[in-house]
Amino acid sequence: MKVDGKVALITGGASGMGKGFAETLVAAGAKVCVVDFNSQCGEATVNELNTKHGDGKAIFCKCDVTSQTEFEEAFKRTKEVFGGIDIVVNNAGIGGESDDKWERVVDVNMKGTIRGTRLGMHDLSKDNGGNGGIIVNMASAGGINPNPFSPTYGCTKAGIVHATRCYAISEEAVKSGIRLMVLCPAFVDTPMLQNLSSGDGTQVIGGDMAKVNAFIEHIGVMSVEEVSAVFMEMIEDDSKNGLILRCAKKTGNQYCTLAVENV
Ligand SMILES: NC(=O)c1ccc[n+]([C@@H]2O[C@H](COP(=O)([O-])OP(=O)(O)OC[C@H]3O[C@@H](n4cnc5c(N)ncnc54)[C@H](O)[C@@H]3O)[C@@H](O)[C@H]2O)c1
């Protein structure tokens with residue numbers, strides 16, 4: 001896909017990788033709707049993008065991806081302002097394994113991503129006035145390779161991998177020219193990772209942060225810019241559909257359908 005002139009909707013676009021993807025897409029000539037439940041951060045990101053790249057390149061929609069109504073409104077507003085949607089990035093996600101957090105992880109990561117995929121499939125569909133396009137879902141290396149720290153998080157990400165691959169071969173996707181890809185980075189230097197490694201331990205089973213930080217160091221940490229570069233390759237390469245893109249600091253980038261070995 002040629003990104004110049006296209007319209008993207010990015011959930012979790014206010015910070016971290018979502019913000020990096022928004023910046024990369026706008027720099028390549030796209031218009032972007034930053035969708036996030038954090039208004040302060042979302043408005044700041046959009047102001048930054050419009051100041052740097054010119055007014056009207058980005059808008060912000062406040063939306064919690066667990067809300068069907070708010071999510072539908074974000075799609076509607078993006079189409080009203082920019083005239084259509086070509087790229088949907090379901091990137092919003094959280095971690096948390098404690099008794100009071102794990103169910104919210106399922107709601108945000110798994111249900112939020114399926115909700116965004118369903119809305120994307122509908123709006124990109126040629127039957128509903130769309131022109132096809134691409135849906136990128138954010139999973140994680142933790143959704144491919146098991147680790148002892150984050151079973152709920154890993155389960156939601158494994159579910160995202162599987163759902164994305166199923167949608168990619170659906171009749172509707174083929175008929176409308178919708179590609180679906182799933183991104184599985186290992187550790188990336190974002191607020192989420194910084195909170196994990198310095199946090200209270202509720203994001204992991206057992207809360208043993210010394211072991212978690214040793215694991216992070218063993219795997220290595222990518223920059224947002226490195227992940228944004230492979231994200232753009234994936235968007236631009238129309239030959240790829242239904243594939244997992246794994247990326248990790250030490251092992252590099254690989255497209256695959258199923259992972260067979262641990263990093
Ligand atoms: N950082 C990593 O090491 C890493 C590795 C692999 C995958 N991921 C995944 O990448 C995605 C982005 O994470 P990040 O590291 O950039 O984290 P981040 O915390 O910097 O960004 C996540 C964004 O999602 C938003 N968000 C969270 N819950 C939301 C909700 N219910 N509705 C709308 N917005 C919501 C947050 O406000 C934030 O802006 C997540 O899905 C995460 O699981 C992260």
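In which element is the place of Tyr167? Tyr167 has its place in helix 5, where helices (H or I, at least four residues) are DSSP runs numbered from the N terminus. The legends below describe a predicted model, in which local features need pLDDT of at least 70, side-chain atom pairs count only at pLDDT 80 or more, and totals for chains, interfaces and linings use all residues. Residues are numbered from 1 along each chain as its sequence is written, and side-chain values use heavy atoms, with hydrogens and water left out.

**View 1. The shell of residues around the ligand.** The ligand is surrounded by 29 residues, a residue being counted as near if one of its heavy atoms lies within 4 Å. The closest of these residues are Asp36, Asn91, Tyr153, Val188 and Thr190. By class, the shell holds 17 nonpolar, 8 polar and 4 charged residues, where Ala, Val, Leu, Ile, Met, Phe, Trp, Tyr, Cys and Pro count as nonpolar, Asp, Glu, Lys and Arg as charged, and the others, Gly among them, as polar. At least two shell residues come from each of helix 1 (16-27), helix 4 (102-124), helix 5 (151-168) and helix 7 (191-198).

View 2. An oxygen atom of the ligand lies 2.9 Å from a polar side-chain atom of Ser15, while a nitrogen atom of the ligand lies 3.0 Å from a backbone N or O atom of Val65. For Arg104, a polar side-chain atom lies 3.5 Å from a nitrogen atom of the ligand. Of the 820 Å² of accessible area that the ligand has on its own, the protein covers 94%, with areas taken from the Shrake-Rupley method with a 1.4 Å probe.

View 3. A search of the whole structure finds 2 cavities of 30 Å³ or more, a cavity being a set of points, on a 1 Å grid over the protein atoms alone, where a 1.4 Å probe fits but cannot get out. The second largest cavity has about 40 Å³ of space, the volume being that filled by probe spheres set on the points. Its lining residues, which have an atom within 4 Å of a point, are Thr113, Ile114, Thr117, Asn137, Ile160, Ala163, Thr164 and Tyr167. Helix 4 and helix 5 are the elements that give two or more residues to this lining, and helix 5 gives the most, with 4 residues.

**View 4. Tyr167 in helix 5.** Tyr167 counts as partly exposed because its relative accessibility is 22%, which falls between buried (under 20%) and exposed (over 50%).

Notes: Polar contact = N/O pair within 3.5 Å; in protein donor to acceptor, adjacent residues only side chain to side chain. 1 Å grid on protein atoms, 1.4 Å probe; cavity = no way out; pocket = protein on both sides within 12 Å on 5 of 7 lines; lining within 4 Å. Buried < 20%, exposed > 50% of the residue type's maximum accessible area, 1.4 Å probe, protein only.
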